[in-house]
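Good morning, and thank you for coming. Please take a moment to look at the sequence and the model, after which I shall go through them.

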Amino acid sequence: AKLDLSKLGLGPVLRGDWGGWKALRQLDNLGFLDLRDNQITDLPAEGWAALGRLAGLSQLDLSNNQMKLIPAEGWQAIGQLARLLYLDLSRNGLTSIPDAGWEALRRLAHLNYLYLDKNQMAEFPVEHWQLFGQLTSLKTIFLSEMSVPLEGWGALGRLTNLEAIALNSSRIGRISAGGWDALSKLGKLKSLLLGNSQIEDI
């Protein structure tokens, strides 16, 4: 079952006392929840708790909102979605993913599609690239507008199920021999998008 609540301007409505949270918790068979384009700046603890109870959820779209950060309880809720295949957090203004966020993503053993593009994360710290390299079920990753150091290429090279990587409009600088070696390990890769990126040398 799919619940499409996109483009409804729900941001100001989604408070802790919103009656919809109780109803949402009861949708045991919900497979796809679409909350994109809603001017959401944050979700209350009650909202994250309701999302975390959606045991059957395979697709969650929170893109094109205004969430500059996801709190610890938000990442905890996402990490409880054991069947999640698709997670879209793009176009939100997120400035970082904390350790708790990477730990939550690592628990999603079936996550195939992850969209983090067009946020405000100019780069990942080296230790976060190492955590990123543990998301081995990923098939598609969108990380456009990012800086990719050598550690980043190494992390991507460990994701051997990847079929598509989007790094459009990124500050790549130079793709070293180590970077190409990492990419050569991706035997299933069909698409590598580097358009409009700042590449000094290949």
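**Aromatic residues and the overall fold**

I begin with one aromatic cluster, which is formed by Tyr86, Tyr113, Tyr115 and Phe142. Rings of Phe, Tyr and Trp (its six-membered ring) pair if their centres lie within 6.5 Å; planes under 30 degrees apart count as stacked, over 60 as edge-to-face and the rest as tilted.

Please note that this is a predicted model, in which local features need pLDDT of at least 70 and side-chain atom pairs count only at pLDDT 80 or more, while totals for chains, interfaces and linings use all residues. Residues are numbered from 1 along each chain as its sequence is written, and side-chain values use heavy atoms, with hydrogens and water left out.

By the ring rule, the count comes to 9 aromatic pairs. In one of them, the ring centres of tryptophan 102 and phenylalanine 132 are 5.9 Å apart and the planes stand at 85°, so this pair is edge-to-face. Tryptophan 102 belongs to helix α4 (residues 99-106) and phenylalanine 132 to helix α5 (residues 126-132), so the pair ties together parts that are 30 residues apart in sequence. Are these two residues buried or exposed? Buried means under 20% relative accessible area, exposed over 50%, and partly exposed in between (1.4 Å probe, protein chains only). Tryptophan 102 counts as buried because its relative accessibility is 1%, and phenylalanine 132 counts as buried at 0%.

Let us now turn to serine 58. This residue lies in the loop between α2 (45-52) and β3 (59-61). Serine 58 is buried, with a relative accessible area of 19%. Which residues does serine 58 contact, leaving aside its neighbours within four places in sequence? They are Gly31, Arg83, Leu84, Leu85 and Tyr86, where contact means heavy atoms within 4.5 Å.

Finally, the chain as a whole. The protein chain has 7 helices and 10 strands; these are DSSP runs, numbered from the N terminus, with helices being H or I of at least four residues and strands E of at least two. Its C-alpha atoms fill a box of roughly 55 × 25 × 25 Å, taken along the principal axes. Of the 202 residues in the protein chain, 50% are buried. Among contacts with a separation of 6 or more, 81% come from residues 24 or more positions apart.
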